[in-house]
Amino acid sequence: MERILHFRREVRAFEAAARRAGRAAPLVPSCPGWSVSDLVVHLGSVHRGVAHIIGHRLAGPPDPSADPSFAGLPADTRDWPRPESAPNRGPLPGSLADWFAEGAAALEALFRARGPEAPAWTWSREQTTGFWLRVQTIEAAVHRWDAENALGTPGPVDAALAADAVGHSFEVMAPWSRARSAAPPGAGERYRFRRTDGDDVWTVCLDGDTVRTTPDGAPCDAEASGTASDLMLFLWGRLPADRLTVTGDRAALDRYTTLVPPV
C-alpha cells in the first residue's frame with residue numbers, strides 16, 4: 001500500500017469537506033466540543049508540528065510557547081476560531097482552509113523527501129519518518145470521516161488503509177491508549193475482529209497491562225465482523241458495536257472500549 005497516496009487523498013477530501021462547512025460550521029458529533037472549524041485547526045496544527053519535528057530533526061515535540069513560528073500563521077487571524085471559545089460555530093474562514101492545505105502539502109513534501117526509513121523523533125518506540133506517515137495518514141482518514149459525518153453522510157475509509165489502521169490499533173494505539181488513560185487491567189479477554197471484505201483476521205488478548213495478538217484459531221470471548229472500514233471506525237470510537245456482526249459474548253465486546261479507550 002502506498003501510504004503517501006492515501007495521505008494525499010484523505011487530506012484533500014478533508015479540505016473539501018471543510019470548505020463545504022458554509023456560514024455556520026457544524027458541530028462534529030464524533031469530537032464532542034468541536035465544530036468543523038475547530039477540527040481544521042486541530043489537524044492543521046498537528047501537520048505543522050510533525051513537519052517541524054521532521055524538517056528540523058527535533059529530539060522531542062515542538063514547544064509552541066517557546067517558538068510559535070512553526071505554525072506558519074498568517075498575519076491576520078482575527079476571524080479564525082479560538083480554542084478557548086470552542087465550539088466555534090461561525091463561518092469557516094477561507095484563509096484557515098488555505099493554511100490547512102499549505103501545511104498538508106508541506107508535510108507531504110517532507111514525507112517524499114525523507115523517505116520512510118529516515119530517523120525522526122516520535123512518541124512511539126518506532127523512531128522513523130515512516131511512523132509519522134502511517135499515523136498521519138490514519139488520522140487524516142479518521143478526521144475526514146469526522147468532517148463528512150458532521151456535514152451529512154461520510155464515505156467509508158479505503159479498505160487497504162482501514163485494514164492497515166486496524167493492525168496499527170493493536171500494535172501501537174491500544175497499548176498507548178491504555179497507558180495514558182490508566183484503563184483497568186485486562187483479565188485475559190480475547191477478541192477476534194474479522195474483515196468481511198478481505199481475508200484479514202485479528203485476534204487480540206488483553207492480559208493485565210499487555211495487549212497482544214494471538215493465533216487466529218485461539219478461542220475468543222467475542223468476535224466482531226465487518227468491513228475493514230467499519231472495524232477501523234469502531235476501534236477509533238466512531239461507530240457503535242451494533243454496526244458490526246457480533247458472535248459470542250456481546251457484553252465482552254462492550255467492555256472492549258473500557259479496556260481500550262478510543263483515541
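The model is predicted: local features need pLDDT of at least 70, side-chain atom pairs count only at pLDDT 80 or more, and totals for chains, interfaces and linings use all residues. Residues are numbered from 1 along each chain as its sequence is written, and side-chain values use heavy atoms, with hydrogens and water left out.

**Helix H4**

- Helices (H or I, at least four residues) and strands (E, at least two) are DSSP runs, numbered from the N terminus.
- H4 covers residues 129-151, and its end C-alpha atoms are 33 Å apart.
- That distance agrees with the 33 Å that 23 residues should span at 1.5 Å a residue, where the expected span is 1.5 Å times one less than the number of residues.

**Strands**

- Two strands pair if DSSP finds at least two bridges between them.
- Strand S1 (residues 186-195) and S2 run antiparallel and are joined by eight bridges, with a hairpin of five residues between them.
- Within this pairing, Arg 190 has Cys 205 of S2 as its bridge partner, and Phe 193 has Trp 202 of S2.
- S2 also pairs with strand S3 (residues 210-213), in the antiparallel sense and over four bridges; the hairpin from S2 to S3 runs through one residue.
- Cys 205 stands opposite Arg 212 in S3.
- S1 pairs in the parallel sense with strand S4 (residues 222-226) over five bridges, and Arg 195 stands opposite Gly 226 in S4.
- S2 (residues 201-208) is mostly covered, with six of its eight residues buried.

**Cysteines**

- The structure holds zero disulfides, a disulfide being a pair of cysteine sulfur atoms within 2.5 Å.
- Cys 205 is in no disulfide, and the nearest cysteine sulfur, that of Cys 220, is 11 Å away.
- Cys 205 counts as buried at 1% relative accessibility.
- Cys 31 also counts as buried, at 9% relative accessibility.

**Aromatic pairs**

- Rings of Phe, Tyr and Trp (its six-membered ring) pair if their centres lie within 6.5 Å; planes under 30 degrees apart count as stacked, over 60 as edge-to-face and the rest as tilted.
- The count by this rule comes to twelve aromatic pairs.
- One of them joins Phe 7 and Phe 111, which are edge-to-face because their planes are at 90 degrees, with ring centres 5.6 Å apart.
- Phe 7 lies in helix H1 (residues 3-19) and Phe 111 in helix H3 (residues 94-114), so this pair ties together parts that are 104 residues apart in sequence.
- Phe 7 is buried at 0% relative accessibility, and Phe 111 is buried with a relative accessible area of 4%.
- Trp 121 and Trp 132 form a tilted pair, 6.4 Å centre to centre and with 45 degrees between the planes.
- Trp 121 sits in the loop between H3 and H4 and Trp 132 in helix H4, eleven residues apart.
- Trp 121 counts as partly exposed at 22% relative accessibility, whereas Trp 132 is buried with a relative accessible area of 5%.
- One aromatic cluster is formed by Trp 121, Trp 123, Phe 131, Trp 132 and Trp 176.

**Pocket and cavity**

- On a 1 Å grid over the protein atoms alone, a cavity is a set of points where a 1.4 Å probe fits but cannot get out; a pocket is an open set with protein on both sides within 12 Å along at least five of seven lines, and lining residues have an atom within 4 Å of a point.
- Grid points are joined across faces, edges and corners, and a volume is the space filled by probe spheres set on the points.
- The largest pocket has a volume of about 1000 Å³.
- Its lining has 40 residues, of which Trp 34, His 42, Ser 45, Val 46 and Glu 139 lie nearest the centre of the pocket.
- Helix H2 (36-55), H4 and helix H5 (159-181) each supply at least two residues of this lining, and H2 gives the most, with eight residues.
- The whole structure has one cavity of 30 Å³ or more, and the largest cavity holds about 70 Å³ of space.
- Residues lining the largest cavity include Ser 169, Met 173, Trp 236 and Tyr 256.
- H5 supplies the largest share of that cavity lining, four residues.

Note on methods: Buried < 20%, exposed > 50% of the residue type's maximum accessible area, 1.4 Å probe, protein only.
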